[in-house]
Amino acid sequence: MSETKKMLYINRNAPYGTIYALEGLEVVLIGAAFEQDVSMAFIGDGVYQILKGQDTSDSDMKNFSPTYNALGDYEVTKLYVEQESLDERGLTVDDLMPLVYEDEDDDWAEKPSIVVLSRTELAGVMAGQDVLFNF
Amino acid sequence: MAIELNGKTYETDEEGYLADLSQWDEDIATYMANDDDIELTDAHWEVINFLREYYEEYQIAPAVRVLTKAIGKKLGKDKGNSKYLYQLFPYGPAKQACKFGGLPKPTGCV
């Protein structure tokens, strides 16, 4: 067994219009099978990926936002959101989907996955990673 | 590729998964299972229906590790293990049960 690496997937793009968000999410789900320490960050327009109430019926793209709710099942339980990116877009954490995970070690209690961090704090999280992926 | 059954045409991809999820019904599930030499029992349907509900909620078919854990939580520990699930679906529970359930191949499944 090789040692566990800390991997952060950084999402910088709006969910639709390009395939970055969907492809990034699929890579996270696939990568989670390798039992690494996986977390995600949402920066810039990336915060729109986890916005509540997405509706793609006027476009040709599938609304894949429900899939973010499955991340907890895949043991991806740390979703960092940059405070400044929310502020710049007039958003608060209440505009985001209430993503949770069930803590196996705490009788399956539901706990929030979203952690809002300042730009400086997020830079610290990035510095502590072994691998960064940009989508 | 396509399957003709009871006067209906079901389009499939090259691996036999349904091309159009909305075409799925229990007849095509039974047909696909028979094609793999499996007779669907209540135990099979329990897993297939679970996968269909999971897909409905999350828009993805779960990886086998996630499926096993989730089945164990919902249907009991005696069913949430790979031995039980592989007995039902010898070609891989996620892969084969998804096919019978009309769902796409699980993400990350090779």
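Before anything else, a word on terms: the helices (H or I, at least four residues) and strands (E, at least two) I will mention are DSSP runs, numbered from the N terminus. What we have here is a predicted model, in which local features need pLDDT of at least 70 and side-chain atom pairs count only at pLDDT 80 or more, while totals for chains, interfaces and linings use all residues. Residues are numbered from 1 along each chain as its sequence is written, and chains are lettered from A and ligands numbered from 1 in the order in which they are written.

B:Asn6 sits in the loop between strand 1 and strand 2 of chain B, and its phi is near 50 degrees, a positive value in a residue other than glycine. Strand 1 (residues 2–5) and strand 2 (residues 8–11) of chain B run antiparallel and are joined by 4 bridges; I speak of two strands as paired if DSSP finds at least two bridges between them. Within that hairpin, which has 2 residues between the strands, B:Leu5 stands opposite B:Lys8 of strand 2. Is B:Asn6 buried or exposed? For that I count the other C-beta atoms, placed from the backbone, within 10 Å of a residue's own: 20 or more makes it buried, 12 or fewer exposed, and anything in between partly exposed. B:Asn6 has 8 other C-beta atoms within 10 Å, so it is exposed.

A:Asp103 has A:Ala109 of strand 5 as its bridge partner. There are 5 residues between these strands, and A:Asp107 takes a positive phi near 55 degrees. A:Trp108, which is found in the loop between strand 4 and strand 5 of chain A, also has a positive phi, of about 60 degrees, although it is not a glycine. With 10 other C-beta atoms within 10 Å, A:Trp108 is exposed.

Now to the sheet of chain A. Here 5 strands form an open sheet in the order 6-3-2-1-7, with parallel pairing. Strand 6 (114–117) and strand 7 (131–134) of chain A stand at the edges with a single partner strand each, so one side of each has no neighbour in the sheet. On average, and with direction ignored, neighbouring strands of this sheet are turned by 25 degrees against each other; angles in this talk run from 0 to 180 degrees between N-to-C directions, with axes being lines fitted to C-alpha atoms, for helices over the stretch in contact. Strand 2 (residues 37–42) and strand 3 (residues 79–82) of chain A pair in the parallel sense over 3 bridges, and A:Ala41 has A:Tyr80 of strand 3 as its bridge partner.

Which strands does helix 1 of chain A lie across? Helix 1 (residues 20–31) lies across strand 1 (6–11) and strand 2 of chain A, and runs at about 165 degrees to strand 1. In helix 1 of chain A, the residues A:Ala21, A:Gly24, A:Leu25, A:Val28 and A:Leu29 are buried. They cover an arc of only 135 degrees around the axis, which puts them on the same side of helix 1 of chain A; the arc is that of the directions from the helix axis to the C-beta atoms. These buried residues pack against strand 1 and strand 2 of chain A.

The buried residues of helix 2 of chain B include B:His44, B:Val47, B:Ile48 and B:Leu51. Seen down the axis, the buried residues of helix 2 of chain B fall within an arc of 160 degrees, so they line one face of the helix. On the other side of helix 2 of chain B, exposed residues include B:Asn49, B:Glu53 and B:Glu56.

Finally, the two chains together. In the model, 12 residues of chain A are in contact with 11 residues of chain B, where contact means that two C-beta atoms, placed from the backbone, lie within 7 Å. The side of chain A that touches chain B has 7 nonpolar, 2 polar and 3 charged residues, counting Ala, Val, Leu, Ile, Met, Phe, Trp, Tyr, Cys and Pro as nonpolar, Asp, Glu, Lys and Arg as charged, and the others, Gly among them, as polar. B:Ala70, in helix 3 (residues 64–75) of chain B, has A:Asp73 among its contacts, leaving aside neighbours within four places in sequence.
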